[in-house]
Amino acid sequence: MPAKKVPLSKAQLEKIIEKYSTPFHIYDEEAIRNNARKLISTFSWAPVFREFFAVKANPNPYILKILKEEGFGTDCSSLPELILSEKAGLSGENIMFSSNDTPAREYKKARQLDAIINIDDISHIPFLEKHTGLPELLCFRYNPGPLRDGNAIIGKPEEAKYGSTREQLFEAYRTVRDRGVKRFGLHTMIASNELDPHYFVDTAKMLFDLVIEISKSLDIRFDFINIGGGVGIPYKPEQEPVDLNIISYGIRKAYDTTIRAHGLHPLSLYMETGRMITGPFGYLVTSVLHKKDTYKKYIGLDACMANLMRPAVYGAYHHITVMGKEDDPPDHIYDVTGSLCENNDKFAIDRKLPEIDIGDTLVIHDTGAHGHAMGFNYNGKLRSAELLLKTDGEVELIRRAETVDDYFTTLDFSRL
Ligand SMILES: Cc1ncc(COP(=O)(O)O)c(C=O)c1O
């Protein structure tokens, strides 16, 4: 079973905690860079391969800048995410704007940045045309509905609010072709935290087949397909990471037998994963405030579900390391909780851990994606700081912790 390791010793972490109090998320820059390089090299056979990091997974501009330096673009779905990408130095076709139910101001910002616009629904064509005019390049999001099995987490495609039907796609590309659009892309996103590499091969095959059909039927040429995000990560110690070589090999084979065979080479291959890129390289560091012994044994932390809501909302497993007790026997059973007034504010339920004492430092693993990003302020809880463990071993504060004044900033107490 691969052990889950923290990239810092207890002593190193204690020094960091002296300067930045817990809780905080810390991201491992070197591991993120190595992971980004691995992804790009795995797909080096593709005419053009590009990963558009899903900003929603970790909307910190310092992380986006690191990924930009590694050759990634960004995938945005809101105005602030577009602005974050701009601040990180991204523009043009390095940004993909995959929104839904989109306000006009968001399309305007995306057009101002010359981002690739990925249209969710056919009714957005006249909406976009009215507010910004149509760009030279347009992409549409496909929802295969009953033609494709649902991924366990995201559910059945036909139940999803996203994307257009197969029939609508033909109409959409015909409409924009007749209105002067010259370049085309095809996108889908139908999986979440999927650990089966073959799922992504099948997704690429589905898009390749559709590209062939639409190209032939409408006499247009596609620049790219985007197979979306959703590549899973091994949250549990007994799980294995997705083998990217299987995805790459399978897609390459399909590319040769479909796209090349139909004279549609070159076609760029895009992905927009988030979780797989930063998820395993983020850690929520938190201290034990209280121990409670009633019908169960509780460990009370200074972090709560406002800092990481996946366990509470999805029942998701996040591994926990008790610093300095890595080799102690896990012979105690605890519920590890936060202080929010919701009984699901638990990072772990009935978890076997070594004996925990007040003051111990706990590290909650795999918080680098959809972790801090999903934070919220319910119950007057404040979001934590984000730190970067840099490649030279130094630690940089890349987002300060929220203060009570931040929480009150939208209130005007003077009129009470
Ligand atoms: C359109 C879109 N692209 C990409 C992603 C990233 O997914 P993941 O972080 O699971 O790779 C999401 C996640 O919700 C999404 O909605």
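Colleague: Is Pro 135 buried or exposed in this structure?
Modeller: Keep in mind that this is a predicted model. Pro 135 sits in the loop between helix 6 (124-132) and strand 6 (137-142). A residue needs 20 or more other C-beta atoms within 10 Å to count as buried. Pro 135 has 20 other C-beta atoms within 10 Å, so Pro 135 is buried.

Colleague: Which residues does Pro 135 touch, not counting those up to four places away in sequence?
Modeller: Let's start with a residue that is 52 places from Pro 135 in sequence, His 187: the two are 17 Å apart in space, C-alpha to C-alpha. A contact needs C-beta atoms within 7 Å. With residues up to four places away left out, Pro 135 touches Arg 111 and Ile 117.

Colleague: And Thr 132, does that count as buried or partly exposed?
Modeller: Thr 132 is found in helix 6, and it touches Tyr 107, Lys 108 and Arg 111 if you skip residues up to four places away in sequence. Buried takes 20 or more C-beta neighbours, and exposed takes 12 or fewer. Thr 132 has 16 inside 10 Å, so the label is partly exposed.

Colleague: How far apart in space are Thr 132 and Asp 360?
Modeller: In sequence, Thr 132 and Asp 360 are 228 residues apart. In space, C-alpha to C-alpha, the distance between Thr 132 and Asp 360 is 55 Å.

Colleague: Where do the buried residues of helix 3 sit around its axis?
Modeller: In helix 3 (residues 61-69), the buried ones are Ile 63, Leu 64, Ile 66 and Leu 67. They span an arc of only 160° around the axis, which puts them on the same side of helix 3. Among the elements covering them are strand 1 (24-28), helix 2 (29-42) and strand 3 (73-76). So the place you asked for is the same side of helix 3.

Colleague: What arc do the buried residues of helix 4 fall within?
Modeller: Helix 4 (79-87) has Glu 81, Leu 82 and Ser 85 buried. They line one face of the helix, because seen down the axis they fall within an arc of 105°.

Colleague: Which residue just after helix 4 takes a positive phi?
Modeller: Helix 3 is followed by Gly 71, with a positive phi near 100°. Just after helix 4, a positive phi of about 95° is taken by Gly 89.

Colleague: Where does the largest nonpolar core lie?
Modeller: This core has 105 residues, and those with the most contacts inside it are Ile 95, Phe 97, Ala 115, Ile 117 and Ile 225. Its largest share, 9 residues, comes from helix 8 (residues 197-218). Both domains give residues to this core, so it lies between domain 1 (10-24 + 279-408) and domain 2 (43-273).

Colleague: How many residues of domain 2 are in contact with domain 1?
Modeller: The C-alpha centres of domain 1 and domain 2 are 34 Å apart. From domain 1, 15 residues take part in the contact, and the number from domain 2 is 10.

Colleague: By class, how many residues in the shell around the ligand are charged?
Modeller: There are 18 residues around the ligand, and Ala 54, Gly 229, Thr 273, Gly 274 and Arg 275 come nearest. Sorted by class, the shell has 6 nonpolar and 8 polar residues, and the charged ones number 4.

How values were computed:
Residues are numbered from 1 along each chain as its sequence is written. This is a predicted model: local features need pLDDT of at least 70, side-chain atom pairs count only at pLDDT 80 or more; totals for chains, interfaces and linings use all residues. A nonpolar core is a set of buried Ala, Val, Leu, Ile, Met, Phe, Trp, Tyr and Cys residues joined through C-beta atoms within 7 Å. Helices (H or I, at least four residues) and strands (E, at least two) are DSSP runs, numbered from the N terminus. Domain bounds come from an automatic or database domain assignment. Two residues are in contact if their C-beta atoms, placed from the backbone, lie within 7 Å. The arc is that of the directions from the helix axis to the C-beta atoms. A residue is near a molecule or strand if its C-beta atom, placed from the backbone, lies within 6 Å of it. Ala, Val, Leu, Ile, Met, Phe, Trp, Tyr, Cys and Pro count as nonpolar, Asp, Glu, Lys and Arg as charged, and the others, Gly among them, as polar.
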